Amino acid sequence: MRQGLRRLGVAVLDALLPPSCLTCDDPVQAQGTLCAACWGRLHLLTPPFCRRCGVPFLHAGQGDAAGLCPSCHAHPPAYDAARAALRYDEGAKRLLLPFKHADRTELAAPLAARMARAGAELLASADLIAPVPLHRWRLAARRYNQAALLARRLGTIAGKPWIPDLLRRTRPTPALEHRSATDRAALLAGAIAVAPRARDRLVGRRVLLVDDVMTSGATAEACARILLAAGAVGVDVLAAARVPDPRLESGRSA
Ligand SMILES: [Zn+2]
Ligand SMILES: [Zn+2]
């Protein structure tokens, strides 16, 4: 019944407003999709990539014998595996910047669908799903946590519980880009905590941490450490897009 009404609603909307691409307004077949040109600008993140953190490789030889990137080889992360649907490039920015900053919350559906494919194994082994938290000041300015919208969709797709406020920011952190790994870890230490009333639901569980864009992995690492310290048995990370490591990209032809 609900499904039928929804379909009817979509049909009515289609008749009133011809469906247009979610990012460029060109006409498309159905609401909530991208046109072929905009899909063409996105790059799905496919192997080879680091088995642990998911950072894209130019060729498989960039990994060690275990398939790890130099940074995971030197300092294994606290989480077990991180995966992302898209390479974070100009095409992905056209989707992710409006999603993050311009109230384009309808972009959560196509992004989550691709994340569910890229992270199918992680989603299958998760007991619960939780977003990387936003500080409440930022939440107030933006009105929604984009990672929470993705986590909710992924929970629906996989039929698993999601806890929007499992983690919280206890104080705001400055932008982490262009800072050293040591600085990032220091800035994040103590800035994220498990919500006290969510603690019981966490113990003995495997958590899938969800974010929109994974950059250095420092935030995912800080969240994973906190979840493990609070009793989670394992943490994986699933992002909509992954920023490539410039150190692994030299010689790449765009
Ligand atoms: Zn388009
Ligand atoms: Zn790695």
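1. Asp103 sits in the loop between helix H4 (90-101) and H5; helices here are DSSP runs of H or I with at least four residues, numbered from the N terminus. Its phi is near 60°, a positive value in a residue other than glycine. Asp103 is exposed, with 11 other C-beta atoms within 10 Å (12 or fewer count as exposed, 20 or more as buried, in between as partly exposed, with C-beta atoms placed from the backbone).

2. A word on the source: this is a predicted model, where local features need pLDDT of at least 70 and side-chain atom pairs pLDDT 80 or more, while totals for chains, interfaces and linings use all residues. Residues are numbered from 1 along each chain as its sequence is written, and chains are lettered from A and ligands numbered from 1 in the order written.

3. Asp25 also deserves a look: its phi is near 75°, positive in a non-glycine residue. Asp25 belongs to the loop between helix H1 (2-16) and H2.

4. Do check the peptide bond from Pro47 to Pro48, which is cis with omega near 5°. Pro48 lies in the loop between helix H2 (36-40) and helix H3 (70-74). For context, most peptide bonds are trans.

Technical notes: Helix = DSSP H or I, 4+ residues; strand = E, 2+ residues; numbered from the N terminus.
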